[in-house]
Amino acid sequence: MRNRFIQGRDFGSPDLLALQTEELAAPGPGQILVRHSAIGVNFIDILLRRGELARDLPYRLGLEGAGEVVAVADDVGGFAPGDRIVYAGGPTGSYAEARVLPAARAVRLPDGIDDDTAAAVFFKGLTADYLVHRMRPIAPGDTVLFTAAAGGVGQLAVPMLKAAGATVIGTVGSEEKIAAATGVGCDHVLVLGSGDAAERIREWTGGRGVAIAYDSIGRATFDLSLASLARFGLLVSYGWSSGDVEPVALAHLRDAGSLFVTRPTVAHYIQERGDLIAGAERVFAALKDGVIRANIHAKLPLAQAGAAHELIESRASQGSVILDPR
Ligand SMILES: NC(=O)c1ccc[n+]([C@@H]2O[C@H](COP(=O)([O-])OP(=O)(O)OC[C@H]3O[C@@H](n4cnc5c(N)ncnc54)[C@H](OP(=O)(O)O)[C@@H]3O)[C@@H](O)[C@H]2O)c1
């Protein structure tokens with residue numbers, strides 16, 4: 001089967017990504033072959049392209065996609081040609097018309113959830129799901145801080161946090177994103193770079209600070225997130241969109257209120273098939289119940305994968321960006 005896919009020939013700028021063609025092999029043991037109808041773009045793809053994650057050259061990109069199963073290896077049960085599926089996780093390579101992937105990464109897509117929606121919310125929704133439901137339970141009265149609240153993960157995590165009973169302070173990078181952050185349920189919105197953010201957070205929490213700070217921005221917001229925590233607060237440092245963070249002195253965590261810090265990855269939270277399925281079921285249920293919805297900022301042709309990256313890295317996107325492989 002003739003296939004078109006995106007290849008990165010070097011690490012660096014988006015123009016290093018180019019469309020290539022290949023003859024696609026049949027699925028090997030444990031694999032299925034899927035023809036994509038929609039592909040999700042995630043910030044981690046950008047980190048990989050920039051060379052901030054270990055990879056060999058040349059490389060493929062993309063950790064999620066939705067589409068139809070075309071072929072199934074003899075040893076794979078549970079999937080058949082014609083099934084609608086969505087998947088998340090490695091190995092990379094979803095920026096393609098079609099691909100083979102481990103069947104263990106795929107989940108059957110329920111009726112009522114279209115492929116664009118699935119590609120827009122699956123990886124980001126599984127991330128929001130573990131952050132909200134598996135990290136530390138939200139206690140009644142908890143206020144939390146969530147950075148990049150108008151972004152892809154943010155627009156899914158904030159409504160999940162609200163549904164779990166939290167009061168949410170969301171950060172955005174500009175005034176234009178305030179409406180998106182309040183639209184998904186933020187009780188307070190902090191525009192980064194405008195005024196004394198730490199003071200605003202103390203005001204909004206009656207001087208106590210937040211129970212949990214979910215920080216995906218990294219270098220630019222890490223100190224603020226740490227300073228925003230109440231006693232016994234938890235800092236979840238799950239991304240570094242602005243650059244990686246410096247090490248933290250453990251004594252500081254003691255002095256600042258016996259704080260907790262974790263640096264998690266969704267890869268571990270969906271590593272076991274049972275965890276992937278349970279997370280997927282919660283994400284599908286949240287979609288069906290109207291708790292979350294896919295906010296697709298842009299759908300670009302596969303060949304414009306570099307432009308999709310530029311949209312996200314320039315902080316211009318709100319919600320998800322997906323690619324159209326057809
Ligand atoms: N650890 C995990 O399990 C896991 C899983 C998935 C994603 N992530 C991380 O979660 C974050 C969100 O991912 P996403 O795909 O949904 O992206 P996104 O939130 O749609 O885009 C990143 C956002 O970060 C903010 N930002 C602040 N400073 C930035 C800078 N210097 N450059 C670029 N963006 C900056 C921007 O929002 P404002 O302009 O509003 O500040 C931007 O919209 C990323 O850091 C990603 O790596 C982690």
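These legends accompany close-up views of the ligand and of several salt bridges in a predicted model.

Local features are described only where pLDDT is at least 70, side-chain atom pairs count only at pLDDT 80 or more, and totals for chains, interfaces and linings use all residues. Residues are numbered from 1 along each chain as its sequence is written, and side-chain values use heavy atoms, with hydrogens and water left out.

**View 1. The shell around the ligand.**

View 2. A side-chain N or O atom of Tyr-130 is 2.7 Å from an oxygen atom of the ligand. For Phe-43, a backbone N or O atom lies 2.9 Å from a ligand oxygen. A polar backbone atom of Pro-264 is 3.0 Å from a nitrogen atom of the ligand. The protein covers 92% of the 900 Å² of accessible area that the ligand has on its own (Shrake-Rupley method, 1.4 Å probe).

View 3. The structure holds 15 salt bridges, each a side-chain nitrogen of Lys or Arg within 4 Å of a carboxyl oxygen of Asp or Glu. In this one, the closest N and O atoms of Glu-23 and Arg-2 are 3.3 Å apart. Glu-23 lies in strand β2 (residues 17-23) and Arg-2 in strand β1 (residues 2-8), so the pair ties together parts 21 residues apart in sequence. Strands are DSSP runs of E with at least two residues, and helices are runs of H or I with at least four, numbered from the N terminus. Both Glu-23 and Arg-2 are exposed; exposed means over 50% relative accessible area, buried under 20%, and partly exposed in between (1.4 Å probe, protein chains only).

**View 4. A helix joined to a loop.** Lys-162 and Asp-187 form a salt bridge, 2.8 Å from N to O. Lys-162 belongs to helix α3 (residues 152-163), while Asp-187 sits in the loop between α4 (178-183) and β11 (188-191), so this pair links parts 25 residues apart in sequence. Lys-162 counts as partly exposed because its relative accessibility is 29%. Asp-187 is also partly exposed, at 37%.

How values were computed
Polar contact = N/O pair within 3.5 Å; in protein donor to acceptor, adjacent residues only side chain to side chain.
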